[in-house]
Amino acid sequence: MKNVAAVMTDIRKFEFKEVPMPVVKEGEVGIAIKDVGLCGSDLHFFNGDALKIFPNSLPFILGHECGGVIYEVGKGVEGLKEGDRVAIEPGVPCGRCEFCQSGRYNLCVKVRFMAVPPYNGGLQKYISYPAHMVYRLPENMSTMEGALLEPLSVGLHAAARGEVTLGSSVTILGAGCIGMCTLLAAKARGASRIIVTDIVDSHLEKALELGAADAVNSRKEDVVERIKELTDGKGADVVFETAGIAATAAQTGYVVKRGGTIVMVGNILGDVPFSFRNIYVKEAQIRGVFRYHSTYPAAIEAVASGRIDIKKIVTGIYPFDDAEKAFNDALDNKEQCIKNVIRID
Ligand SMILES: [Zn+2]
Ligand SMILES: [Zn+2]
């Protein structure tokens with residue numbers, strides 16, 4: 001067996017290199033990677049932005065949304081065997097700190113997260129990984145669906161943080177991959193009516209296809225006025241910011257209902273102007289979302305049972321050799337690409 005990785009060696013540049021076969025240690029499983037989803041954070045590295053935060057991290061292997069097949073089982077591992085198709089939860093928390101102990105292990109500061117320097121990601125044929133963060137997939141789920149459990153987990157965690165429940169009215173600002181996953185999660189939790197906003201019509205059409213009741217193009221309509229109209233002047237019980245931009249962050253307070261909840265999901269790096277008057281007058285609350293915790297079992301159940309059809313977010317599937325193209329397309333053709341997946345044979 002030979003291991004080959006798509007190594008990022010420069011901005012927008014991958015080199016396919018032979019790298020050592022991983023050593024499968026005690027408590028780990030060796031996994032042949034089959035599917036890797038491209039995430040916004042991978043693209044931030046690929047276009048060079050994240051290299052400002054992580055200088056000198058090249059050469060580096062991207063990819064943290066992975067599904068694959070077990071080829072070797074390390075000592076002491078129970079419940080997994082060779083040939084099992086699995087999903088990989090990309091963060092391995094320390095298990096000992098106060099956050100790990102309380103179950104909110106996404107807040108662990110010692111987490112080792114795939115494709116966050118210095119830890120390489122999954123754009124390679126074989127990796128070894130701690131078995132307790134690896135989940136066997138049921139018969140009716142593909143390894144691609146396994147890979148997609150990662151972005152779905154963000155949506156599920158966001159919907160849980162917003163306490164979306166049967167009958168909740170929901171507004172999602174941003175219809176990219178995470179907006180779509182939040183939509184699927186909110187719907188699965190019983191949201192009554194979901195309004196989605198974006199600037200790209202094809203994204204809005206996709207959101208309608210996935211179950212949104214209304215789609216608002218913020219380039220063509222006044223989002224705040226339109227959402228007021230659609231909610232009888234009340235606003236939404238739960239508002240999700242998933243676009244990660246200042247303008248949508250500023251809208252949240254205007255479109256949340258009195259007593260409602262704003263959930264900040266998108267990554268906004270800079271400081272943004274925000275009217276807190278909306279928050280205290282409405283007694284609204286703002287909650288943050290950082291990755292997710294404890295989502296994989298429920299995510300698998302939701303996809304296997306058909307309650308969430310996660311593969312519908314995929315807009316492109318590329319062979320491993322075309323990894324560079326998969327990334328370039330995602331950067332240059334944002335209108336068409338919601339989620340690109342790379343297949344490794
Ligand atoms: Zn991701
Ligand atoms: Zn910890």
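The model is predicted: local features need pLDDT of at least 70, side-chain atom pairs count only at pLDDT 80 or more, and totals for chains, interfaces and linings use all residues. Residues are numbered from 1 along each chain as its sequence is written, chains are lettered from A and ligands numbered from 1 in the order in which they are written, and side-chain values use heavy atoms, without hydrogens and water.

The protein chain is assigned domain 1 (3-136 + 314-343) and domain 2 (154-288); such bounds come from an automatic or database domain assignment. Their centres, taken over C-alpha atoms, lie 29 Å apart. In contact (heavy atoms within 4.5 Å) are 7 residues of domain 1 and 9 residues of domain 2. About 640 Å² is buried between the domains, 59% of it from carbon and sulfur atoms. Buried area is the accessible area (1.4 Å probe) that two parts lose on being put together, summed over both.

The zinc ion (ligand 2) is coordinated by C94 (SG), C97 (SG), C100 (SG) and C108 (SG), at 2.3 to 2.4 Å. Donors are N, O and S atoms within 2.8 Å of the metal (3.2 Å for Na, K and Ca); water is not among the atoms, so sites may look incomplete. The angles among the 4 donor atoms of ligand 2 are 105 to 115°, and the site is tetrahedral. Four donors count as tetrahedral if all angles lie between 85 and 135 degrees; four count as square planar and six as octahedral if opposite donors are over 155 degrees apart and all others between 65 and 115; anything else is irregular.

The zinc ion (ligand 1) is coordinated by C39 (SG), H64 (NE2), E65 (OE) and E150 (OE), at 2.2 to 2.5 Å. Its site is irregular, with angles of 89 to 171°.
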